[in-house]
Amino acid sequence: MRQELDLHTISPLTLAFLGDGVYGLLVRERLVTQGNRPAGELHSASVELVRAETQAAAIKRMLPLLTEEEEAVFKRGRNAHTSRSGSDYHHATGLEALFGYLYLKGDTDRLQTLFAAAMEE
């Protein structure tokens, strides 16, 4: 059971650390539910969907759906100082921070809604 956390005091990079795993799991679940495929093919598809460039495109599709609170979390993650540079990487970090935040908040319905929007093309 999770301890009570003040989600606003957690570092955006810590949220992104968790959100990276959450997003990756959702990607893998999506790929597996699309049908049986060889593990190597699943891995390649997964790597493509979790790349910074792909995540940056995904967050741009999600932005119009975000609440003020969610947008603030995204921006905290996007603006966090990281060891990597580049717009795509910063946007991907913001997406991951948002997914980590929603996971810790326990809002799985919202995670699913936003992930579905992320996967639209």
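Buried means a relative accessible area under 20%, exposed means over 50%, and partly exposed lies in between (1.4 Å probe, protein chains only). The model is predicted: local features need pLDDT of at least 70, side-chain atom pairs count only at pLDDT 80 or more, and totals for chains, interfaces and linings use all residues. Residues are numbered from 1 along each chain as its sequence is written, and side-chain values use heavy atoms, without hydrogens and water.

Q: Why is Y23 called buried?
A: Its relative accessible area is 0%, and buried means under 20%; therefore Y23 counts as buried.

Q: What makes F115 buried?
A: F115 has a relative accessible area of 6%. The limit is under 20%, so F115 is buried.

Q: Why is the pair of Y23 and F99 called edge-to-face?
A: Rings of Phe, Tyr and Trp (its six-membered ring) pair if their centres lie within 6.5 Å; planes under 30 degrees apart count as stacked, over 60 as edge-to-face and the rest as tilted. The centres of Y23 and F99 are 5.2 Å apart and the planes stand at 85 degrees, so the pair is edge-to-face.

Q: What makes Y23 and F115 an edge-to-face aromatic pair?
A: The centres of Y23 and F115 are 5.5 Å apart, with 75 degrees between the planes. The limits are within 6.5 Å and over 60 degrees, so the pair is edge-to-face.

Q: Why does the pair of Y23 and F115 tie together parts that are 92 residues apart in sequence?
A: Y23 lies in helix α1 and F115 in helix α6 (residues 108-119), so the pair ties these parts together. Helices (H or I, at least four residues) and strands (E, at least two) are DSSP runs, numbered from the N terminus.

Q: Which residues form one aromatic cluster?
A: The cluster is formed by Y23, F99 and F115.
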